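Colleague: I would like to learn how features are read from a model of a complex, going through them one at a time. Could you take me through the strands, the contacts and the backbone angles?

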Amino acid sequence: MTKSSFSNIQSEYLALIDHNKCVRCKRCIQNCGWGTYSFGGDKILADHSKCVACGRCYTYCPEGAISIVKNPTVLRENANWKEGLIKNIWRQSETGGIVISGMGTTFKYKKYFDHILLDACQVTNPSIDPLREPMELRTYLGKKPSKLDIDFDETGEPILKSKMPPQIELQTPFVFGAMSYGSISLNAQKAMALAARALGIVMNTGEGGLHDDLVPFGKNIIVQVASGRFGVHRDYLNSGVAVEIKIGQGAKPGIGGHLPGEKIGADISRTRMIPVGTDAISPAPHHDIYSIEDLRQLIYAVKEATDYEKPVSVKVAAVHNIAAIVSGIVRAGADIVYIDGYTGGTGAAPNIIKDHVGIPIELALAQVDERLREEGIRNEASIIAAGSIRSSADAVKAIALGADAVAIGTAALVVMGCHVCGKCNTGNCSWGITTQRPELVRRLDPEVYGERLYNLISAWSHEIQEVLGAMGVNSIESLRGSKERLRGVELTDAELNALGIKHAGL
Amino acid sequence: MITIDAAGMHYKELNRLIREGIEKGIRKFFLENVNGQYYIGDGIKGDDVVININGIPGNDLGAFMDGPTLIANNNVQDNVGNTMNAGKILIKGDAGDVVGYGMRGGKIYILGNAGYRVGIHMKGYNEQLPIIIIGGKVGSFFAEYMAGGIIVLLGLNDSDEFDSEYFASGMHGGTIYLRKKIDFSKYSKDVELYEADENDMNFLKKYLIDYTDSFNISSEEITAKPFYKIVPSSARPYAHLYTSA
């Protein structure tokens, strides 16, 4: 059993090869982005210390000869001194570094979506059969007018006099969350772009600029402006359907990001508009935003640059006083507020932030919706909820708690083969998702995974229609912010209160 | 050519008039009685467009601008040249805070002083080389996270002090030229100080002449003193900060 040099840290997984089944085709050697496998003259050898359980090798082994198992050499169980804590102490004592990883937190916090139940019709109010009757999922994101002025033409037909603020039209209330070219591969972005176009929804560039190949997908793209202002210029701002100002991210509230220089090759350099090989540093704050007034200034700088034709979204992480913060953002002129819960994913973030900062999206959403309604400004902006939406059930519950739409990031990557190994930061992703190594990126076929993303979102949309039908409503609009259709189980009074829902049975 | 009297005009109206004017083919604009209007020149395009501003323009002058020239005949406020891509901004007075944030190309020449956070995250890309030249002095957080381009600090008003703290912290690209030697022990560990050599001065010359010509001042006084240059110690200041879980 190989262990890495003189580290205390043992291999987490064992890559076991059944040499009776193995035909030495060496596909595992090709497929593993981590260099776990090598050929030892007459058989495949495995360096277990390199295995991250990303699942690529056994998925593509034609003989089913590989099993990845947890290393049975255990640390003595201790509920206080958990394995991860001990290993991090070793890692940090060996390197002196801040521990970082990809994806969302792996900590076991309470998942409120799993403690919320939906209502359904029985006897007194009829349910609707979505297979036979129309069921509207179309969603418009953007500022809605407080009142509508209507005129009538000579035949008495009403004509809308009010000029509607710009909207993003979604055929189903999903968007792909912001993931930059750099954090993920161009092929992964292309898969989302193809799916977004086919579905009539949008993807988001993240803070990585817009690659030339994605320019034709402008009608299905939100472009992002963040603190590093990478790839941001006048034409970029005008190339999508909306502009998003990123303040924070659920996985790493309050901190910025570094795309390491070794990932800045020629193509990423061109897209981000920075030199090859330099770190792409996004500072923690925007250095021109220190207040709600400053945020308003940037929102309107973007609106001026886009001639008031694009809705402007502001993305924030869900943190303690999120309701007051979002109220300020709406008053600053945002047309959309994107709220990212603490379990949201990332390409890389310090574990101390990922595992310990922020609040659950469910609670944030309920409080924000409540606050904006109380203040009479809920119509001023749409809300996108994010932070590990894992199923259509999570999506429906988020909408009933007050979201207009939900964003999916990790789920979209799982479609592309991601096994949530959390090593995105290393750039060795065997699935070609969070890597820039050409031999790995090449294997992710945008057409194939674009279609699978289309399938997933279509399936989830059908599931939402089923649930709406069961609740006796024929439009997603009718469920939005309708907390009366939700009940809690195994929740305390304080939790129910924060969610604004009743306990089951009441 | 068009003259717009901006007195009492909302910025939205003023900027709409400018955008429509450019679309109609007008290339020279004279703005009179400007009094704090935001976003003048925001997101406009056209290398031959010149906007002459009388009065005090408000924040975000020339934000996202891509080619035109703005001439401010007085002081200006904050966020000049925010994320600017190309063009030129001449300021005949002082500038406020956050000059050239994320600026990728073009030139900002300031005759007087500038406030805090000048040149933060300024970046160069290929042939695009953003340049800021400041006649006077600057406030703290100067060139923080600077990733590319050139900033020249002339200190013409002869104050011996750079009050600035957190000078060039996190700088990982580009070059700063100073016309005064500074007590470097006070400043960032991310950068190194050298005396500017002949190559540097030859490189700088055309920009300094452009600067002095723009403001009709003598270039001799400026080049009479030696220049110093500050460059980052590394293009990757945080490369060793992390360890993978």
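**Reading a predicted complex**

Modeller: In chain B, strand β2 (residues 28–35) and strand β3 (residues 50–56) run parallel and are joined by 6 bridges. Two strands count as paired if DSSP finds at least two bridges between them, and strands (E, at least two residues) and helices (H or I, at least four residues) are DSSP runs, numbered from the N terminus. This is a predicted model, in which local features need pLDDT of at least 70 and side-chain atom pairs count only at pLDDT 80 or more, whereas totals for chains, interfaces and linings use all residues. Residues are numbered from 1 along each chain as its sequence is written, while chains are lettered from A and ligands numbered from 1 in the order in which they are written.

Colleague: What confidence does the predictor give to chain B and to the complex?

Modeller: The confidence in each residue is its pLDDT, from 0 to 100; for chain B the mean is 92, and 96% of the residues reach 70 or more. For the complex, the predictor gives an ipTM of 0.94 and a pTM of 0.95.

Colleague: Which residue is the bridge partner of B:Phe29 in β3(B), and how is β2(B) joined to β1(B)?

Modeller: In β3(B) the partner of B:Phe29 is B:Ile51, and B:Phe29 also stands opposite B:Ile2. Strand β1 (residues 2–5) of chain B runs parallel to β2(B), with 4 bridges joining them. Handedness is read with the strands pointing away from the viewer: a crossover is right-handed if the path from the first strand over the helix to the second runs clockwise. Here β1(B), helix α1 (residues 11–24) of chain B and β2(B) make such a right-handed β-α-β unit.

Colleague: How many residues of each chain are in contact with the other chain?

Modeller: The size of an interface is often given as the accessible area lost when the parts come together. Here residues are counted instead, with two residues in contact if their C-beta atoms, placed from the backbone, lie within 7 Å; 36 residues of chain A are in contact with 39 residues of chain B. On the side of chain A that touches chain B, α3 (83–95), β5 (98–101), α5 (234–237) and α7 (292–305) of chain A each supply at least two residues, and the largest share, 5 residues, comes from α7(A). This side of chain A divides into 14 nonpolar, 16 polar and 6 charged residues, where Ala, Val, Leu, Ile, Met, Phe, Trp, Tyr, Cys and Pro count as nonpolar, Asp, Glu, Lys and Arg as charged, and the others, Gly among them, as polar.

Colleague: In which sense do β5(A) and β12(B) pair?

Modeller: β5(A) and strand β12 (residues 242–244) of chain B pair in the parallel sense over 3 bridges, and A:Ile98 stands opposite B:Tyr242 there.

Colleague: Is helix α8(A) mostly covered or mostly open?

Modeller: A residue is buried if 20 or more other C-beta atoms, placed from the backbone, lie within 10 Å of its own, exposed if 12 or fewer, and partly exposed in between. Helix α8 (residues 322–331) of chain A is mostly covered, with 7 of its 10 residues buried, among them A:Ile322, A:Ile325 and A:Val330. What covers these buried residues includes α7, β17 (312–317), β18 (336–340) and α10 (361–374) of chain A. After α8(A) comes A:Gly333, with a positive phi near 110°.

Colleague: Where does B:Asn126 lie, and why is B:Asn216 counted as exposed?

Modeller: Most residues other than glycine have a negative phi, and most peptide bonds are trans. B:Asn126, however, has a positive phi near 50°; B:Asn126 lies in the loop between β6 (107–110) and β7 (131–134) of chain B, and is exposed because 12 other C-beta atoms lie within 10 Å. B:Asn216, also not a glycine, has a positive phi of about 60° and is placed in the loop between α2 (198–215) and α3 (220–223) of chain B. B:Asn216 counts as exposed because it has 8 C-beta neighbours inside 10 Å.

Colleague: Is A:His48 buried or exposed?

Modeller: A:His48 lies in the loop between β3 (44–46) and α2 (56–60) of chain A, and counts as buried because it has 20 C-beta neighbours inside 10 Å.
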